[in-house]
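Dear colleague,

Please find below the structure that I am handing over to you, together with its sequence.

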Amino acid sequence: MTGWEHLAVLGAGFGAGVLSTTVGVASLLSFPVLLAVGLPPVVANASNTVGLVPAGLSGSFGYRQELREHPRVALIVLVTCAVGSVGGAVLLLALPPGVFEAIVPWLILTSCLLVGVQPWISRWLRRTRDEPTRLRHGMSPATVVFSVLTGVYGGYFGAGAGVMMAAVLGLGTDLAVRNINALRTVALLAANLIATIIFVVVADLDWLAIGLLAAGSVVGGYVGARIGRKMPPSVFRVLVVIAGVVTAVVMLS
């Protein structure tokens, strides 16, 4: 890489860190930049996952107050996404590149739709429950299953995984947006961290790119957390839908 390419990857790391802890589409920015500087797709994907771990660490630190409010849910999200990401990382290494290319954009678009209509769905669900005034601050078995599946996707590819987790938590709980943002950040950290352990052992990695991404993303993740904890719910949903649609369109093109 040239000097300008070094700066591009560093900047992509910062931007991806901000996106990771606000709207959950970090790879939309960082993965294409790694491809543009000449990394092969599988190497770029694995290196991108490793390089964005610092964003999850700094972002989780930035959301520490929100995570303390629901420690049980945070633990469940952490464990389920970690377990799921093991399967996702294995799939990435075992399957030919591009196996899921046809369905991933549609999964992301579906998640965007669910995030967009989540307030109406949540109100409908509350009306159909026996105790309509009781808020759901825990995770049902179905929500846990979908959290594991999101972890699988996060370990396999990851682009749009934050959007998917926002949909899962938004529909499966009645937590505030700032709490969902915090839990989504922890979920992506768990998926990336477990996948990183596997990739370091068995995958081809570009450590220069990883170092540059990590340096940028550790700052961007904390900055994004400061923004995300104050983001109004309506703004959050609009940004998530826009980011998710852009990700899906880019992947379909």
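The axes of helix H9 (residues 161–172) and helix H10 (residues 177–202) approach within 9 Å and cross at roughly 130°. H9 is therefore oblique to H10; angles under 35 degrees count as roughly parallel, over 145 as roughly antiparallel, 65 to 115 as roughly perpendicular and the rest as oblique. Axes here are lines fitted to C-alpha atoms, for helices over the stretch in contact, with angles from 0 to 180 degrees between N-to-C directions. Helices are DSSP runs (H or I, at least four residues), numbered from the N terminus.

Please note that this is a predicted model, in which local features need pLDDT of at least 70 and side-chain atom pairs count only at pLDDT 80 or more, whereas totals for chains, interfaces and linings use all residues. Residues are numbered from 1 along each chain as its sequence is written, and side-chain values use heavy atoms, with hydrogens and water left out.

The crossing of H9 and H10 is right-handed, a term that applies if the near helix is turned clockwise from the far one by less than a right angle. On the H9 side, Ala-161, Gly-162, Met-165, Ala-166, Leu-169 and Gly-170 meet Ile-180, Leu-183, Arg-184, Ala-187 and Leu-188 of H10, contact meaning heavy atoms within 4.5 Å. By class, this contact of H9 with H10 has eight nonpolar, two polar and one charged residues; Ala, Val, Leu, Ile, Met, Phe, Trp, Tyr, Cys and Pro count as nonpolar, Asp, Glu, Lys and Arg as charged, and the others, Gly among them, as polar.

H9 itself is mostly covered, with twelve of its twelve residues buried (under 20% relative accessible area, 1.4 Å probe, protein chains only).

Gly-24 lies in the loop between helix H1 (3–22) and helix H2 (27–36). Because its relative accessibility is 4%, Gly-24 counts as buried. Leaving aside residues up to four places away in sequence, Gly-24 touches Leu-19, Gly-160, Ala-161, Gly-162, Val-163 and Arg-184. Gly-24 and Thr-185 are 161 residues apart in sequence, yet 7.7 Å apart in space, C-alpha to C-alpha.

H10 also packs with helix H6 (residues 71–94), at an angle of about 35° and with the axes 7 Å apart. The crossing of H6 and H10 is right-handed. By class, the contact of H6 with H10 has 20 nonpolar, one polar and no charged residues.

Yours sincerely

Terms used
Helix = DSSP H or I, 4+ residues; strand = E, 2+ residues; numbered from the N terminus. Buried < 20%, exposed > 50% of the residue type's maximum accessible area, 1.4 Å probe, protein only.
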